[in-house]
Amino acid sequence: MSFKTISVIGLGYIGLPTAAMFASKKKKVIGVDVNKHAIETINQGKIHIVEPELDVVVQTAVEEGYLKAVIKPEPADAFLIAVPTPFLPCSKNEIPAPDLSFIAEATKAISQILKKGDLVILESTSPVGTTEQMAIWMKELRPDLSFPQDAGDKSDINIAYCPERVLPGKVVQELVTNDRVIGGMSERCSLRAVELYKTFVEGDCVITNTRTAEMAKLTENSFRDVQIAFANELSMICSELDINVWELISLSNRHPRVNILQPGPGVGGHCIAVDPWFIVSKTPNEAKIIHTARIVNDSKPDWVISKVKQALADFLLVNKNKKIDEVTIACYGLAFKADIDDLRESPAMQVTKAISEFHPGRVIAVEPNIHTVPPKLNNIELVDLNFAMQHADIHLLLVDHKEFKGKSVNNGIVIDTKGIWV
Ligand code: SAJ
């Protein structure tokens, strides 16, 4: 059975590109979002997020009439849920727990229009068991339909979990080429989900059960978090032992079975710093390494801030003619990683904000990928690279953007958290 109309619920960083990819294959796609601004922007053929190549795909899809965005779900043959799963509020030392309310809302909204034969896929990063929970909610809301937890392959509604794994900045390419993990609640659910994704996915669609598929996504990002924590811990150890961590890592990586990642100012973005907590909050006694990695990576911005304070003291000791409020600190990079403009959960932003709060002198920032200072940092100035390199007394490299590579600072103190100026 082919899917004539596909609905994507949640038109954010994953939902919109996914909707556009289906539309690019001439499927009728109905995108649903609660954000009116997003709806209006998309219906004009434009995008409300920044992602290379996405603008053209969305523009073509809207112009050709294959993609439209609406506030209220409409009937479709397949529904993909790609809404956020943030944390519930908690205090600093508590383990953050996931907030499933957006998934619950999306489930409620589509349940009203579900019909026999529909396929529902959850793509949102979710704690293990969420797809089964979603199926329970649907059954409660639609007792007239049968669901796979009761009817297996014979169910009226098919349900599967299929995590997205695309890298921000490469989403359009990776949506097509990456392999997909498909966790159906029954074999038929999985096969129908594979059929749907094969509309545009060129990678393999590998079938498993829902719980394994949910855990696969959390595992991938936790693996990366643990690896980065190892690199970050090494950088702090090496600083104590007066060893260049970048040289150390490149030497160690010459071993055929060693591949250490790169340290930095911390782990940012909305995935790697979040998803491991979904494992830790479910199994706090078992998830020891995963939990510790989160603590190590979350502590790195504070470590960088302490290095800046130390550099400030060192600078004033040598430059006795200068007062603290005459010292200029330049922060290079605000994004959460290289060569993107995304400032969400960015350790570079966290560090820059802290400096602007404690330092009485001038704080300047260079971020080639944005044009205006974000509201959180209204007391810093955005300047160009040459200006910062000439005028700052303390140079803090926070992101390894391509514009910063191959440059060298001739004056003042350099703190390089990414190892491109050392
Ligand atoms: N980072 C380091 N050192 C490194 C690599 C990364 O400090 O050696 C930092 C980055 O600077 C950044 C953070 O880690 O602050 C995360 O960056 P990233 O490039 O590792 O990952 P994301 O968050 O952009 O995308 C990840 C990807 N997951 C994995 O690589 C396992 C992507 O495939 C997922 O789809 C995405 O999370 C997601 O949506 O979950």
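Which residues of H1 are buried? Gly15, Leu16, Pro17, Thr18, Ala19, Ala20, Met21, Phe22 and Ala23 are the buried residues of this helix, where buried means under 20% relative accessible area, exposed over 50% and partly exposed in between, with a 1.4 Å probe and protein chains only. The structure is a predicted model, in which local features need pLDDT of at least 70 and side-chain atom pairs count only at pLDDT 80 or more, while totals for chains, interfaces and linings use all residues. Residues are numbered from 1 along each chain as its sequence is written, and side-chain values use heavy atoms, with hydrogens and water left out.

Helix H1 spans residues 15-24, and nine of its 10 residues are buried, so the helix is largely enclosed by the rest of the structure. Helices (H or I, at least four residues) and strands (E, at least two) are DSSP runs, numbered from the N terminus. Just after H1, lysine 26 adopts a positive phi of about 65°.

The ligand is surrounded by 21 residues, the closest being Val166, Lys217, Asn221, Arg224 and Phe336; a residue is near a molecule if one of its heavy atoms lies within 4 Å of it. Helix H9 (residues 210-241) provides the largest share of this shell, five residues. By class, the shell holds nine nonpolar, four polar and eight charged residues. In this scheme Ala, Val, Leu, Ile, Met, Phe, Trp, Tyr, Cys and Pro count as nonpolar, Asp, Glu, Lys and Arg as charged, and the others, Gly among them, as polar.

Individual atoms of the ligand can also be placed against the protein. A polar side-chain atom of asparagine 221 is 2.7 Å from an oxygen atom of the ligand, and a polar backbone atom of arginine 165 is 2.8 Å from a ligand oxygen atom. A ligand nitrogen atom lies 2.7 Å from a polar backbone atom of glutamine 262. Taken alone, the ligand exposes 770 Å², and the protein buries 87% of that; the areas come from the Shrake-Rupley method with a 1.4 Å probe, and for residues only the protein chains shown count as cover.

Arginine 165 and Val166 also line the largest cavity, together with Glu164, Glu174, Leu175, Asn178, Asp179 and Arg180. On a 1 Å grid over the protein atoms alone, a cavity is a set of points where a 1.4 Å probe fits but cannot get out, and a pocket is an open set with protein on both sides within 12 Å along at least five of seven lines; lining residues have an atom within 4 Å of a point. The largest cavity has a volume of about 30 Å³, and its lining divides into two nonpolar, one polar and five charged residues.

The second largest pocket has a volume of about 460 Å³. Its lining comprises 18 residues, of which Ser235, Ser239, Trp246, Trp303 and Asp416 lie nearest its centre. Two or more lining residues come from each of H9, helix H10 (245-252), helix H12 (288-318) and strand S13 (413-416), and H12 gives the largest share, four residues.

Two strand residues complete the picture. Asparagine 158, in strand S6 (residues 158-161), counts as buried at 0% relative accessibility. Its side chain is joined to that of arginine 192 by a polar contact of 2.9 Å. A polar contact is a pair of N or O atoms within 3.5 Å; within protein, one must be able to donate a hydrogen and the other to accept it, and residues adjacent in sequence count only if both atoms are side-chain atoms. Threonine 208, in strand S8 (residues 205-209), is partly exposed, with a relative accessible area of 25%.

Terms used:
Grid points are joined across faces, edges and corners, and a volume is the space filled by probe spheres set on the points.
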